[in-house]
Amino acid sequence: MNDYQLYIDSEFCESSDGGRFDTVNPATGEVWASAPAATEADVDRAVRAARRALVEGEWPTLTATQRGRLLSRLADLVADAAHHLGEVETTDSGKLAAETRAQSAYVADYYRYYAGLADKIQGDTLPIDKPDLHVFTTREPVGVVAAIVPWNAEMFLTATKIGPALAAGNTVVIKASEEAPAPLLEFARVVDQVGFPPGVVNLVTGFGEPCGRALTSHPMVDKVAFTGGVDTARHVVANTAHNLAPVTLELGGKSPILVFDDADFDGAVNGAVAGNFGASGQSCVAGSRVFVQSGVHERFVDEVVRRAEAIRIGDPLADDTQMGPLATRAQRDRIEAVVAESVDQGATLHTGGCRPEGLDAGWYYRPTVLGCADQDVRSTRVELFGPVMSVLRFDTEDEAVALANDTEFGLGAGIFTRDVSRVHRVARAIRSGIVWVNTYRAISPIAPFGGFGNSGSGREAGVDAIHEFTTTKTVWINTSTEPMSNPFTIR
Ligand code: NAD
């Protein structure tokens, strides 16, 4: 069994009271590792280490190019460790190894991208409306950044926060999820080899209470970058009333996929399958409301059902597995309950809605397709974070847009059509942070990512993310040969 440790001020250590918690392999339901349960005192130590590193020692004296080199080294080390990091993530979260290995390797590209951006963060010279004054701005690091991530893509969601934060000269305290902390605890071992000055990167593991609360309300935290659920986000925002730290929120979704009659049929089916059954549907951008135009509706439902039933479910470490378990038992229980409630409300269960036979250990659930007459059905309203596709029918483009926008969320959206004018009309009309056209679930370090409404605020990835981790300083310089005049002398 792996007994991990916290990483504070470049040292691996236990929690202050020796408390630990177990973490379970979702494929077997068995405990396979344990992590320290960080206390308020541990969080305080980590934040103070980050604050020291921000203002003292080597980190604030490094040039932006030197910071970029450290991030480049981190990228190389993550790439070297990608296979191992992926397998640890699979063991802890149940996500397919094929996906976690590839994602860990791609995470290196996020660090590489921000390594390159580090020395391109620049201010402006202002054409000021006063004589003899030279005014310029610089983009300064915000300070100590608290980076809080959920269990579903920890390596990736950490990179989208600490990549831009470190590039801009901040220091960070990362809080891993209590549901699957191991990937980040392994990542801390990689970080330790980079050569960051002590305290620049710290990692704590623990529960929302006290660890998450202590971190987000700490008076020395200057910025919170949070990914997680909407209810937790409300706590985080309330916590930041104590330190007035600005918050970036990457929250959930109930993203629509619109399939028009003229769409490439196979492409649209692939989009819906990827958007709902990829990562067992445990994706914030899951396209879990699929709106299909009447002309292809019946054929579409038949085909997604056939595809769902053909998915090979099993051990997420095995190469031929296409769908692993859900990450937690609670997650599976909740999905079962919402699917049952939706069927009670009149939804048609086309396939799934139960656990697969022969996989009694672990938190497996069959890919599920529900036919829904309208959005009064619960499965069309709440984020399920599981392999459940709700399919609805529409007739006109206006109707499709109205249905798509009838949600509290606004993270992703998919449009499948061959009509280029319609692409522009619908992409403009849909309220979401990301729109994919004739594709789905594509991401890149270069492209901003984030949502509207209850899907959050602020953007991760791309150049936009740098702005989330910097603040403007305005410098006024008197260039006159005369000293500043007496303010009480009227000329
Ligand atoms: P969660 O909200 O339960 O937990 C997220 C993190 O918040 C965990 O580390 C948790 O310990 C911490 N936390 C809990 N209480 C806290 C508190 N009071 N103060 C501070 N931190 C606290 O989320 P989850 O169930 O682990 O993850 C699933 C959610 O994450 C889904 O809603 C999903 O859509 C969302 N998500 C969003 C994105 C995105 O980029 N938009 C990406 C992945 C996941």
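## Ligand shell

Four elements each supply at least two residues of the shell around the ligand: strand 9 (171-176), helix 6 (208-217), strand 11 (223-227) and helix 7 (230-239). Helices (H or I, at least four residues) and strands (E, at least two) are DSSP runs, numbered from the N terminus. The model is predicted: local features need pLDDT of at least 70, side-chain atom pairs count only at pLDDT 80 or more, and totals for chains, interfaces and linings use all residues. Residues are numbered from 1 along each chain as its sequence is written, and side-chain values use heavy atoms, with hydrogens and water left out.

In total, 30 residues surround the ligand, each with a heavy atom within 4 Å of it. The closest are Glu-178, Gly-229, Thr-232, Leu-251 and Glu-383. By class, the shell has 13 nonpolar, twelve polar and five charged residues. Here Ala, Val, Leu, Ile, Met, Phe, Trp, Tyr, Cys and Pro count as nonpolar, Asp, Glu, Lys and Arg as charged, and the others, Gly among them, as polar.

## Polar contacts and cover

A backbone N or O atom of Val-149 lies 2.9 Å from a ligand oxygen. For Gly-228, the distance from a backbone N or O atom to a ligand oxygen is 3.4 Å. Leu-251 places a polar backbone atom 2.7 Å from a ligand nitrogen.

On its own, the ligand has 860 Å² of accessible area, and the protein covers 87% of that. Areas come from the Shrake-Rupley method with a 1.4 Å probe.

## Helix packing

Helix 2 (residues 64-93) packs on helix 4 (residues 154-167) at about 175°, with axes 12 Å apart. Axes are lines fitted to C-alpha atoms over the stretch in contact, and angles run from 0 to 180 degrees between N-to-C directions. The pair is therefore roughly antiparallel, a label for angles over 145 degrees.

From helix 2, Arg-67, Leu-71, Val-78, Leu-85 and Glu-89 meet Glu-154, Met-155, Gly-163, Leu-166 and Ala-167 of helix 4. Contact means heavy atoms within 4.5 Å. This contact has six nonpolar, one polar and three charged residues.

## Backbone geometry

A cis peptide bond joins Glu-209 and Pro-210, with omega about 10°. Pro-210 lies in helix 6. Leu-244 has a positive phi, near 55°. Leu-244 sits in the loop between helix 7 and strand 12 (247-250). Most residues other than glycine have a negative phi, and most peptide bonds are trans.

Conventions: A polar contact is a pair of N or O atoms within 3.5 Å; within protein, one must be able to donate a hydrogen and the other to accept it, and residues adjacent in sequence count only if both atoms are side-chain atoms. Angles under 35 degrees count as roughly parallel, over 145 as roughly antiparallel, 65 to 115 as roughly perpendicular and the rest as oblique.
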